[in-house]
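Have it open while you read, as I jump between sheet, helices and rings.

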Amino acid sequence: MTRVAILGAGPAGLAAAEAALAAGARVTVLDEGARPGGQFWRHRPGLTDPRMQHGTRRFEQLQAALAGAEVHSGAAVWSVELREPGEAGAAVVLRAAVGPVDGAGRDAVVVEADALVIATGAHDLALPIPGWTLPGVTTAGAAQALAKRDGVSVGRRTLVAGAGPFLLPVAQSLALVGSEVVGIHEASRIGALASGWLPKPWQLIGKSGELAEYAGALVRHRIPYRIGSGVVRVLGDERVEGAVVAQLDADWRPLPGTERIIECDAVALGHGFTPRLEAAIMLGCEVAGDRRGRFVVVDDAQRTSQPQVFAAGEVTGIGGADAALAEGAIAGSRAAGLAQDDPRLRDALRVRDRMRRFAQRLETAHGIRRGWTAWLDDDTIICRCEAVAKRAIVERAEVPLRAMRLATRAGLGPCQARTCGRAVEAIVAETRMTVAGGGATGEAADGASAGAEGDGATGFDRRPLLAPVRLGELGGSDRPPREEN
């Protein structure tokens with residue numbers, strides 16, 4: 001019986017588990033969360049307003065399917081490795097510490113598998129702005145999680161800003177838990193939005209219902225929606241007291257004379273998502289970068305450049321829950337040995353192809369533009385964990401990205417550059433181009449702004465350990481793998 005390990009229990013991971021089990025595989029799921037669902041299904045039965053959560057019935061089906069798998073929740077997977085070809089035993093070995101994150105008695109778990117599905121998802125990307133370290137500033141995803149999971153609002157008067165359709169459900173959730181949402185500020189201008197969403201409108205029929213729901217919520221709660229506008233500074237001494245918003249040009253540079261102050265006590269920032277690539281990079285999977293960011297390269301079977309490793313969901317491209325579910329089903333089936341032309345894969349393949357087109361539209365309409373760095377001044381904190389300002393990064397811009405941590409301490413904090421990494425890369429790239437006399441223009445700068453630049457293509461995603469682990473836990477990982485029933 002084929003042994004399939006699945007890293008992550010969000011939509012992609014759950015769909016992969018269901019499909020692999022249906023194909024007859026023995027499945028082990030490891031997820032760092034306390035319960036399955038990932039970032040998308042954070043709701044709590046009996047507490048979360050149903051209007052905040054889509055696909056609940058599908059989640060219940062996937063959760064029920066997990067009864068046939070071995071599931072490790074609260075699993076901090078800190079190492080993944082491939083066995084050499086011809087070496088006896090399983091193809092993939094995962095090591096994890098299972099238990100409360102701050103607990104001293106976590107269990108050491110070693111999982112061996114014939115195939116691995118990486119479904120680690122993505123985390124929020126919030127571009128830095130002056131004042132974003134003030135209490136009351138959160139990522140859009142954090143604001144959404146608090147509302148869905150705990151019924152808590154991040155503020156009484158909240159401003160939501162950034163780019164992308166995710167701002168709409170965030171604003172709706174905040175309004176449903178009692179916050180006055182004083183506005184949604186979408187950075188993209190009408191030209192970009194039209195280029196992304198107007199062509200071939202029939203391809204968006206599946207999403208029209210969600211859009212209508214969110215539009216209705218904005219009307220009911222009287223939430224203003226501004227395009228070509230963004231927060232360029234957060235105001236306050238001890239906490240958020242207001243925000244400066246400005247009109248932005250097509251490259252997201254603030255237009256002089258358009259600034260105005262909006263009173264608020266919370267700001268939720270969301271400029272898209274950054275895939276969690278660490279496990280794929282540790283395994284040597286090919287990662288490609290363009291102006292959209294960096295993603296794991298997969299073929300039509302969701303197979304990576306490593307034959308026994310598959311990837312699904314946001315690590316292969318930001319496309320939403322529907323894309324993740326389809327990719328997960330394909331990856332799980334193929335990892336379990338199902339043929340690509342098996343009729344059971346037909347629907348998932350069709351949905352995946354449709355959602356890939358949706359992802360391309362998403363990037364065209366809302367992708368990060370290179371001018372966002374014009375929001376920053378020299379004293380703007382870029383790395384929140386280590387309080388590293390833009391000035392320090394510019395002064396060390398000649399340092400290879402892999403050495404940037406030691407040169408500036410950016411990325412050395414608890415989040416290990418998950419929050420600041422892309423911003424540091426963009427600032428370094430822009431500074432180098434300016435010094436070289438070319439300025440940060442054209443496609444090269446677009447790519448740099450997404451973090452896809454030269455010598456550090458995986459500089460902030462490459463880590464010797466995937467998660468914090470105690471020395472004692474490292475020692476315990478040498479015990480033989482647990483026998484499965």
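1. A definition to start with: two strands count as paired if DSSP finds at least two bridges between them. Keep in mind that this is a predicted model. With that in hand, look at Arg157, which stands opposite Glu180 of β11. Strand β10 (residues 157-162) and β11 run parallel and are joined by six bridges.

2. Five strands make up an open sheet, ordered β9-β16-β10-β11-β12, with parallel pairing. The edges are taken by β9 (137-139) and β12 (225-227); each has a single partner strand, so one side of each has no neighbour in the sheet. On average, neighbouring strands here are turned by 20° against each other, ignoring direction. As for β10, five of its six residues are buried, so the rest of the structure largely encloses this strand.

3. What packs on this sheet? Helix α4 (residues 167-176) does, touching β10, β11, β12 and β16 (266-270). The direction of α4 makes about 175° with that of β11.

4. Next, β1 and β2. Strand β1 (residues 3-7) is mostly covered, with four of its five residues buried. β1 and β2 run parallel, joined by five bridges. Among the residues involved, Ile6 has Val29 in β2 as its bridge partner.

5. Helix α9 (residues 346-366) deserves a look too. The helix has 21 residues and spans 30 Å from first C-alpha to last, close to the 30 Å expected at 1.5 Å a residue. Its buried residues include Leu349, Val351, Met355, Phe358 and Leu362, but also Arg352, Arg361, Glu363 and His366. The buried residues of α9 pack against β11 (180-186), α5 (190-197), α6 (205-220) and α8 (321-335).

6. On to the rings. A pair of aromatic rings is described by how far apart the centres are and by the angle of the planes. With a cut-off of 6.5 Å between ring centres, the count is six aromatic pairs. One of them is Trp41 with Phe59, a tilted pair at 5.2 Å centre to centre and 40° between the planes. Trp41 is in the loop between β2 (26-30) and α2 (56-65), while Phe59 is in helix α2, so this pair ties together parts 18 residues apart in sequence. Are these two buried or exposed? Trp41 is buried, at a relative accessible area of 2%, and Phe59 is buried with a relative accessible area of 2%.

7. Another pair is Trp372 with Trp375. Their ring centres are 6.2 Å apart and the planes are at 65°, so this one is edge-to-face. Both tryptophans, Trp372 and Trp375, are buried.

8. Back to Trp41 and Phe59 for a moment: together with Phe40 they form one aromatic cluster. Which residue lies over the face of Phe40? That is Lys148, at 5.5 Å from the ring centre. Elsewhere, Arg384 lies over the face of Trp132, at 4.8 Å from the ring centre.

Key. Residues are numbered from 1 along each chain as its sequence is written. This is a predicted model: local features need pLDDT of at least 70, side-chain atom pairs count only at pLDDT 80 or more; totals for chains, interfaces and linings use all residues. Side-chain values use heavy atoms; hydrogens and water are left out. Rings of Phe, Tyr and Trp (its six-membered ring) pair if their centres lie within 6.5 Å; planes under 30 degrees apart count as stacked, over 60 as edge-to-face and the rest as tilted. Helices (H or I, at least four residues) and strands (E, at least two) are DSSP runs, numbered from the N terminus. Buried means under 20% relative accessible area, exposed over 50%, partly exposed in between (1.4 Å probe, protein chains only). A charge sits over a ring if NZ of Lys or CZ of Arg is within 6 Å of the ring centre and within 35 degrees of the ring normal. The expected span of a helix is 1.5 Å times one less than its number of residues. Contact means heavy atoms within 4.5 Å. Axes are lines fitted to C-alpha atoms, for helices over the stretch in contact, and angles run from 0 to 180 degrees between N-to-C directions.
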